[in-house]
Amino acid sequence: MNYRVNPLFSAVAPPPIAEAWGWIAGRTFPDDKPLIDLAQAEPSYPPASQLLDHLAEEIHRPELSRYTDIRGIAALRGAFASHLSTFYNANIKSDDVSITAGCNQAFCLAMMALAGVGDEVILPAPYYFNHDMWLKMLGVTAVPLSFQADAGGVPSVDEAAAKITERTRAIVLVSPNNPTGAIYPPDVIRQFLDLARARGIALILDETYKDFLPSDGAPHHLHQAPGWRDNLIQLFSFSKTYSLTGHRVGGLVAGSEIIAEITKGMDCAAICAPAVGQAAALYGLVNLDDWKEEKRQLSLKRLAALRDAMARNDLHYDVVSAGAFFAYMRHPHAGKGATVVARHLADNENMLCLPGAFFGPGQDAYLRFSFANVEAKRMVEIADRLVASQAAF
Ligand SMILES: Cc1ncc(COP(=O)(O)O)c(C=O)c1O
């Protein structure tokens, strides 16, 4: 290469999922021990067939091949605002909503609008690696909060308060969490918002997995807080909810001033989210409540099956926290790095999971299992293979 690249980019490690895929590249797996892929969080089922039929018809409409409004199709913003109002028992308006090309883009744009070189953002560890990577690429310092394994992975508000400085621009929370699966209690989430408000910073709340919660009630009541639009930025994804990962559609809810800044970034980055993805999300919101509920129940059954399978006496792995798509497992091999353990599982047990080390400092005792990828009846096989691997260390 005969030119220089931005050193902030070159200092960041390559995408971790691709690295894990590299561990099994070119391998074939025998029928009696097929690959169990616990690496990427992607639904194991296709989109609803009626959604695909709808898109097959819609694709002929000229609008579906054109740019949409920068902030998304008006009907989608309206339907999403109305869905969110019901879900959170709140009054969320169309104007509070912007559609993006996936939740990752919503995060990237929100962060660019909030913070620049030398600023700080508080990120509970373990964190979603793309959040950390993007902050590094912006020259923003990610200030980690320590992992509270004994609190089921719920971060400490007091620690966050102690780490806020003049340079802090935001606190980022993900609930249900990736990678831990932890679901933060509503009062803790509210305390984080109150802290953000008291200190004049943003609270970014990534709720990509909100449609896979175990209970029906609202996961928090932030929209009842006075002035919530002044500090809260919620990020959403349609990727997992409707199995639309490749269509790139997500969104955010925030106050009008920050949305105006984010809209400038969106105009330059993508102009708009893909029109086909937006049509798919709109169809899902209007027509697929039952399908969505079925998938939520499926993931809850998978989680219950995983917990049952992991309860065996001869298995020395612990489920530290689990929910939505993920289980965060403590491996029993003290002194062995998580990457060594994960590679061993890939090489010898044909099981691909991600090491805690991908998700921040101090995570070498843990592995992330994306259990939602795997049918409930295969959880016993996962436990069998873990038991079989234990003697090797
Ligand atoms: C916490 C979190 N946020 C965002 C995303 C990406 O979502 P999208 O496909 O909508 O960009 C993921 C996907 O794994 C995720 O786990």
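In this predicted model, 4 strands make up an open sheet whose order is E9-E10-E13-E12, with antiparallel pairing. Its edges are formed by strand E9 (318-323) and strand E12 (354-355), each of which pairs on one side only. The pairing of E12 with strand E13, which covers residues 366-369, is antiparallel and runs over 2 bridges; within it, Pro355 has Leu367 of E13 as its bridge partner.

Helix H11, spanning residues 289-310, packs against helix H13, spanning residues 379-390, at an angle of about 35 degrees and with the two axes 8 Å apart, and the crossing of H11 past H13 is right-handed. On the H11 side the contact is built from Arg302, Ala305, Leu306, Ala309 and Met310, while H13 contributes Met379, Val380, Ile382, Ala383 and Leu386. Sorted by class, the residues of this contact are 9 nonpolar, no polar and 1 charged.

In the largest nonpolar core, which has 133 residues, Met111, Ile171 and Ile382 are the residues that touch the most other members. When neighbours within four places in sequence are set aside, the contacts of Ile382 are Ile36, Leu38, Met310, Met351, Phe369 and Val374. Another core, of 5 residues, lies apart from the largest one, and includes Phe147, Ala149, Val320 and Tyr328. As general background, nonpolar side chains in soluble globular proteins tend to be buried together.

Definitions and conventions:
Residues numbered from 1 in each chain as written. Predicted model: local features only at pLDDT ≥ 70, side-chain atom pairs only at ≥ 80, totals over all residues. Heavy atoms only, no water. Axes fitted to C-alpha atoms, helices over the stretch in contact; angles between N-to-C directions. Left-handed = near helix turned anticlockwise from the far one by under 90°. Contact = heavy atoms within 4.5 Å. Nonpolar A, V, L, I, M, F, W, Y, C, P; charged D, E, K, R; others polar. Core = buried A, V, L, I, M, F, W, Y, C linked by side-chain atoms within 4.5 Å. Buried < 20%, exposed > 50% of the residue type's maximum accessible area, 1.4 Å probe, protein only. Pairing = 2+ DSSP bridges.
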